[in-house]
Amino acid sequence: MIRITRSISIDESELHEDFMRASGPGGQNVQKVESAVQLRFNLFESPNLPEAVRARLIILAGSRLALNGDLIINAQRFRTQPRNRADALERLVALIREAALPPPPPRRPTRPTLASKKRRLEGKKQRGAVKSFRGRPSED
């Protein structure tokens, strides 16, 4: 079991890893070593995710979510397969943790105070006075 939060854990059998050749500049091993990792986690079929977390995760996943419900994370930042596997898993855990946070409370609309309105208008008058001296001098 992979522990996400105190109340959320996912089973390792729910994750599916595919390995492929990483893109990028060539080197001695780049043409023959499959170091890139594609981690797949099906959001729709996971029994361990609460519905609220699943809904927020669908929104957070964006284009990484396939039509069949697979959350796809590609990792090819590192040169070795084990580091890319760990990176993909860390990114999945971070994404689920972010979805597990409760949404922020809605903003209560406020109105500016009378004093702040006066300060704003005074600043505008001062700025206008400065700009008025930039014009062509009068003929007087």
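Strand S4 (residues 36-42) pairs with S5 in the antiparallel sense, over six bridges. Two strands count as paired if DSSP finds at least two bridges between them. Strands (E, at least two residues) and helices (H or I, at least four) are DSSP runs, numbered from the N terminus. The model is predicted: local features need pLDDT of at least 70, side-chain atom pairs count only at pLDDT 80 or more, and totals for chains, interfaces and linings use all residues. Residues are numbered from 1 along each chain as its sequence is written, and side-chain values use heavy atoms, with hydrogens and water left out.

Within this pairing, Leu 39 stands opposite Ile 73 in S5. The open sheet has three strands, in the order S3-S4-S5, with antiparallel pairing. S3 (15-20) and S5 (70-75) are the edge strands; each has a single partner strand, so one side of each lacks a neighbour in the sheet. From one strand to the next, the twist averages 20°.

Helix H2 (residues 81-100) packs on the sheet and touches S3, S4 and S5. Contact means heavy atoms within 4.5 Å. The direction of H2 makes about 135° with that of S5. Axes are lines fitted to C-alpha atoms, for helices over the stretch in contact; angles run from 0 to 180 degrees between N-to-C directions.

The lining of the second largest pocket draws at least two residues from each of S3 and H2. Among the lining residues are Leu 15, His 16, Leu 39, Arg 85 and Leu 89. A pocket is an open set of points on a 1 Å grid over the protein atoms alone, where a 1.4 Å probe fits, with protein on both sides within 12 Å along at least five of seven lines; lining residues have an atom within 4 Å of a point.
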